[in-house]
Amino acid sequence: MIFDEFSIKTLIRPVPDFPKPGVIFRDITPLFQSPRALRMVADSFIQRYVEADFSHIGAMDARGFLIGSIIAYELNKPLVLFRKQGKLPADVLSEGYQTEYGEAFLEVHTDSLCEGDSVLIFDDLIATGGTLIAAANLVRRMRASVFEAAAIIDLPELGGSRKLQDAGIPTFTLTAFALDDR
């Protein structure tokens, strides 16, 4: 199946003024309601990473769980969950970060990774990069490395992909939207 960026983009619903006025939220739920589109997205990531040299897949709470878990299953890699504060039951490491909407904290179980592990981190989109940079900091605090940060969508005007690259984190996305794309 050939990846069709236009088809994927048409299934990502713009929701104006959510969660606050002036923001265009990129809703991926219609993409997940299309078996063909979901397969195109998953197959695109699988083809990119099937022979890559990394040991774990990390997935961001919550929409990153959707694609990260599929790719972890398909590539037979352990899945590391990066959760919002207070959601993990055992010992955690915590990292604060800024979002488009304020400050938040990301947590991961302390026993998720070991020195020498390499992690491919998934989220649904890259906006300001705060969540993925926090995850990368947590990975590094466990003496593991970040292989790449991957997402379905990049919002380049918000600068997140540039911040990730400036922090030494390679990035990959399937599509991008300008802030005024409807």
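Reply: The residue comes first, then the chain around it.

This is a predicted model in which local features need pLDDT of at least 70 and side-chain atom pairs count only at pLDDT 80 or more, while totals for chains, interfaces and linings use all residues. Residues are numbered from 1 along each chain as its sequence is written, and side-chain values use heavy atoms, with hydrogens and water left out.

His-109 belongs to strand 6, which covers residues 103-109. Strands are DSSP runs of E with at least two residues, helices are runs of H or I with at least four, and both are numbered from the N terminus. Leaving out residues up to four places away in sequence, His-109 touches Leu-88, Pro-89, Ala-90, Asp-91, Val-92 and Met-142; contact here means heavy atoms within 4.5 Å.

As for the protein chain, it has 6 helices and 9 strands. Its radius of gyration is 16 Å, close to the 16 Å from the globule rule for 182 residues, so the chain is as compact as a globular protein of that length. The radius is taken over C-alpha atoms, and the rule is 2.2 Å times the number of residues to the power 0.38. Along the principal axes, the C-alpha atoms fill a box of roughly 45 × 40 × 30 Å. Of the 182 residues, 48% are buried, that is, under 20% relative accessible area (1.4 Å probe, protein chains only). Among contacts between residues at least 6 apart in sequence, 61% join residues at least 24 apart.

Methods
Buried means under 20% relative accessible area, exposed over 50%, partly exposed in between (1.4 Å probe, protein chains only).
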